[in-house]
Amino acid sequence: MSYHMTPDEFRAAGNAAVEWVARYLEEVENYPVMSRVTPGEIRSQLPEHPPADGEPFEAVLADLNQIIMPGITHWQSPNFFAFFNGNASAPSILGELISAGLGTQGMLWATSPAATELETHVMDWLVEMLGLPDAFLSSESGGGVIQDTASSSTLVAILAARERATAYSTNETGNLGHLTAYTSSQAHSSVEKAIRIAGIGSDKLRLVDVDSEYAMKPEHLERLMLEDVAAGKTPAVVIATIGTTSSTAVDPVRRIGEIARRQGAWFHVDAALAGSAAIRPDMRWLHDGVEMADSYVVNPHKWLFTNLDFSALYVADRSQLINTLSVLPEYLRNAATESGAVIDYRDWQVGLGRRFRALKLWFVIRHYGIEGLRHHVGEHLRLARDLAVQIEQHPDFELAAPVPVNLVCFRHREGDETNQRIMDTVNASGEAYFTHTKLDGKLTLRMAIGQTYTEERHVRHAWDLIVQAAAD
Ligand code: PLP
């Protein structure tokens, strides 16, 4: 007696599922981008109790179409310009599928050697592809590891910084009242979250001033650090951002790195979105000074056509990360680990279990090649610059920040109320979706141009909708 799908049933259902995804991607452009359901609307259509008896896959797919789809916001629509893009792509989807099919758990090299070795390999490839420092290579002192999100990447980097700053004693003693951390007022909220979780405490996180382009002011950083040292504190970590969330400002990484080094602080660089642009030689400047970093994070799941979740964390000295996170219970002991010849990525992250995520980036790189990736990222960059020119030329609108990568921040000159109205009108139309931030206390509209399938016509249409909404 078995309730499992037979191989033939799986084949039929699997073909239907792949067909479903293929059709979805063909049609996604026509869906209203932002879901319009009200809170509770989806749940109210689901049966209160789980089914006692199994149901045919077709019935599940039918409910997916009827109940679930209206509650989906279409991140893979080419008309999606909100937040930062979260790329998916066909080869990446197939990588996810096969990873799920294998169902391996790669916590140790020994639990699936290929999962670890492919991960090490594609992470080394990415160093070469993005022009990152050699120290991040597994053949050097450092190495890369796939995390679920940039938030996790930053957290483990800050944990390693904390340990290094306390001679690896805090894991045992838990006592760290004297440590301080530094980032700009424009840093992503994941930095504050990590500082809290690491026990450093958000009141020890100094927010460094930014200049008129929203990039960190190094001289203010240095002043804050010196004040803390004079007060008997230990500056433990400095976090710079390449491509801030509000406006993709690029902090002066080299100067910040020099200051961090002078003060003996760990230097972490958050390039979650913008780092992917460095796949293009003309954008390599983004990584200027990253060789000063102890750790660095970029999210291929944002802008390198690789499905969520895939965050690439690099460290310049892997022993510091491993010393921070490794706990070896008897039941995980094995000959390969003891030989010292293998990487066990469980020692590089918070969780123990880990999915085989390297597969999807491997599929992506092999499908597109470096040239293909450069082309599509380059198109996004071009479209963002073109939109910026149109905004500059329009008498009623102004750019709110420079456009170093693919995010365009702008405003209608009439002020917050008009901008809010424009955004609400366009988003309610379902024809495009974008979000806002505040810069200098003013409501600012943001269009991130980086969805996998976005073309010139989509950006033009969104801009037409915005101009039309302003005129109404
Ligand atoms: N860092 C920056 C600069 C971001 O823009 C974001 C998200 O947009 C993050 C970190 C957090 O990314 P994740 O969702 O992978 O934790």
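## Strand β9 and H412

H412 lies in strand β9, which covers residues 407–412. This assignment, like every value in this report, refers to a predicted model. The relative accessible area of H412 is 6%, so the residue counts as buried, the cut-off being under 20%.

Beyond the residues up to four places away in sequence, H412 touches D396, F397, T418, N419, I422 and A470.

## Helix α11 and T324

T324 belongs to helix α11, formed by residues 318–325. T324 has a relative accessible area of 7% and is therefore classed as buried. A polar atom of the T324 side chain is found 2.7 Å from the backbone oxygen of Q320.

When neighbours within four places in sequence are set aside, the contacts of T324 are with L159, A160, E163, Y168 and N171.

## Helix α2 and I67

I67 is part of helix α2, which runs over residues 57–68. The relative accessibility of I67 is 10%, and on that basis the residue counts as buried. Apart from neighbours within four places in sequence, I67 is in contact with I42, Q45 and L46.

A distance to another part of the chain can also be given for this residue. The C-alpha atoms of I67 and Y182 are separated by 46 Å in space, while the two residues stand 115 residues apart in sequence.

## Overall fold and dimensions

The protein contains 15 helices and 11 strands. Its C-alpha trace extends over about 70 × 60 × 45 Å along the principal axes. The radius of gyration is 24 Å, which agrees with the value near 23 Å that a compact globule of 472 residues would have.

Among contacts in the protein with a separation of 6 or more, 74% are made by residues 24 or more positions apart.

Buried residues make up 52% of the 472 residues of the protein. H412, T324 and I67 are among the residues that count as buried.

Conventions:
Residues are numbered from 1 along each chain as its sequence is written. This is a predicted model: local features need pLDDT of at least 70, side-chain atom pairs count only at pLDDT 80 or more; totals for chains, interfaces and linings use all residues. Side-chain values use heavy atoms; hydrogens and water are left out. Helices (H or I, at least four residues) and strands (E, at least two) are DSSP runs, numbered from the N terminus. The radius of gyration is taken over C-alpha atoms; the globule rule is 2.2 Å times the number of residues to the power 0.38. Buried means under 20% relative accessible area, exposed over 50%, partly exposed in between (1.4 Å probe, protein chains only). Contact means heavy atoms within 4.5 Å. A polar contact is a pair of N or O atoms within 3.5 Å; within protein, one must be able to donate a hydrogen and the other to accept it, and residues adjacent in sequence count only if both atoms are side-chain atoms.
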